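Dear colleague,

I am passing on the structure below, together with notes on what was found in it. Please read the conventions along with the findings.

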Amino acid sequence: MPPFSGYRGDGSLFAGGVRPRKRVFASAAAEPVTSAATKRQKQREEPSLDALPDECLFEVLRRVQGARARCASACVSRRWLALLGGIRASEAVTVQAPAVPDLNQEYLGEDEDDLMCDDGDRERSLEGAEATDARLTAAAVADALRGRLGSVSIRGSHPTRGVTDTGLSALARGCPGLRSLALWDVPQVTDAGLAEIAAECHSLERLDITGCPLISDKGLIAVAKGCPQLKTLTIEACSGVANEGLKAIGRCCTKLQSVNIKNCSHVDDQGVSGLVCSATASLAKVRLQGLSITDASLAVIGYYGKAITDLTLARLPAVGERGFWVMANALGLQKLRCMTVISCPGLTDLALASVGKFCPTLKLLHLRKCSKVSDGCLKEFAESAKLLENLQVEECNKVTLMGILAFLLNCSPKFKALSLVKCIGIKDICSAPAQLPVCKSLRSLTIKDCPGFTDASLAVVGMICPQLENVNLSGLGAVTDNGFLPLVKSSESGLVNVDLNGCENITDAVVSSLVKAHGSSLAHLSLEGCSKITDASLFAISECCSQLAELDLSNCMVSDYGVAVLASAKQLKLRILSLSGCLKVTQKSVPFLGSMSSSLEGLNLQFNFIGNHNIASLEKQLWRCDILA
């Protein structure tokens, strides 16, 4: 190689004539690296809204016009969302329209109004993992300018980022017109969040607090002072709530109409008495359950409950017979129409007779798990309660068929509905009474899950209730055709709703007689679990029924032929059809189901052999129908 092959022209000579390529490449790459760093430096030097402190950015954001622009701003970052959530509706700056309108801006405004327009107040519901502060704040921001968010329901909470006082504060500031708020199982909300609602939402009418252990009397006192329009209050399983909060609600909320206090361990006679005494003029509906109250509270209710029309007393172990007796004899419950007593050992025959005697407007009485109520008071109660229309007896095992017959013999001419559920004492009697009652006013009869009730008793029912329209005999496995056929024949007005769920000994003969005698009036028929029902019943239904809207054939022995017969009945306009568990219904029924009337709204095809691909085909044909498969 020549000795000067590496000469560079500047007097330098490299050994071996090899140029340092590494330096050349480095110098070539230096330019883009430098330019990128310069760009980043320029970006840092450019002004940005993020550099503003919260106070300044707050002033900027409260001047943003329109719900669409506010929503877009809320999507920028969590910081912007939080600041927008802290802007009260009264703090938002409204810009005056220019003298010369901008056509583009006017067009966008009209489009935005069209997107926002709706009828009435809006409702928002957050459930489970969706219930977070961010979502609640976003809802408040989106609806703040509309002013129509009237109801918010929060059910459950995100396990780590659940709704807290921050979210309630944003809701209160953005939606001061809120009228209904429900907080169910929201453990991180405290009195501070409830105080924010009270401070801003003065039009609140309904408050439901369930499973919020950090809410106490302090929060309720704030609501009492800030929400004078409150009409409905529900407090359930809130261990922090005691008496002072209820007293404040009674004093300040003069329009209070409904109170539901359930499973609050620190609420006793002072709280309930103070609430009822103060709200005596407006309080119409009271429900007390699982509380440590005594006879004193019932005495106050009996004296001061002058406006109460609906009263529910459940699981009150400390209330005795004296409490119920005094409540009735205080003569304050002159407007009481509906009364429900559940698991109260203090309700005895004497107490119930007093209720019937001194509550003259009582129309509905529901007794459940009242172990001391027996036949002894039913006759006297029937004679006293002249306006009673509905009697529901559930799990009261001392009530027997003799007592019910005595009640029907002496009940008022307005009595319409009788329900006997899970009463062990309701069973066949050895000898019929000398005088059988005839209750022509009774329209609805429910005898459900009473294992001792058989054909002999059902035949008696048919004789004494000739005007029945609604019959529910669910769970009476001992009833056969011999008991039900006399009831079908004795009904003079025409049966409308018949429920034979679980009557496994009923056969096609009963269905055939039923639809032939009452096909023109029958609207609802449930044969679920009647394993002896076959296609013969469907043939009779398709021929005789013209008003049938709901038919339940779950777990019956009907087949594809029966489905085809139903589909061919042109006069049949079914809305609901259930074939769940009908193992003889296969894919052969798909064409017939697809050709059914357009009136079909619900179809249950669970647990049979139709197949998923056939279900998809049916969904296309019956596109208006909800198919459960």
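**Helix packing**

The axes of helix α10 (residues 243-252) and helix α11 (residues 269-278) come within 8 Å of each other and cross at roughly 0 degrees, where axes are lines fitted to C-alpha atoms, for helices over the stretch in contact, and angles run from 0 to 180 degrees between N-to-C directions. Therefore α10 is roughly parallel to α11, a label given to angles under 35 degrees, while those over 145 count as roughly antiparallel, 65 to 115 as roughly perpendicular and the rest as oblique. On the α10 side, N243, L246, K247, I249, G250 and R251 meet Q270, G271, G274, L275 and S278 of α11, contact meaning heavy atoms within 4.5 Å. By class, this contact has 3 nonpolar, 6 polar and 2 charged residues (Ala, Val, Leu, Ile, Met, Phe, Trp, Tyr, Cys and Pro are nonpolar; Asp, Glu, Lys and Arg are charged; the others, Gly among them, are polar).

This is a predicted model, in which local features need pLDDT of at least 70 and side-chain atom pairs count only at pLDDT 80 or more, whereas totals for chains, interfaces and linings use all residues. Residues are numbered from 1 along each chain as its sequence is written, and side-chain values use heavy atoms, with hydrogens and water left out.

**The chain as a whole**

The secondary structure comes to 23 helices and 20 strands, taken as DSSP runs numbered from the N terminus (helices H or I, at least four residues; strands E, at least two). Of the 629 residues in the chain, 47% are buried (under 20% relative accessible area, with exposed over 50% and partly exposed in between, for a 1.4 Å probe and protein chains only). Among contacts between residues at least 6 apart in sequence, 81% join residues at least 24 apart.

In helix α17 (residues 455-464), the buried residues are D455, S457, L458, V461, G462 and I464, and they pack against α16 (401-410), β13 (444-448) and α18 (481-490).

**Aromatic pairs**

The structure holds 2 aromatic pairs (rings of Phe, Tyr and Trp, the last by its six-membered ring, with centres within 6.5 Å; planes under 30 degrees apart are stacked, over 60 edge-to-face and the rest tilted). Y303 and Y304 form an edge-to-face pair, 4.9 Å centre to centre with 80 degrees between the planes; Y303 is partly exposed at 46% relative accessibility, and Y304 is partly exposed at 31%. F407 and F415 also pair edge-to-face, at 5.1 Å and 75 degrees, but here F407 is buried at 1% relative accessibility and F415 is buried at 0%.

Best regards
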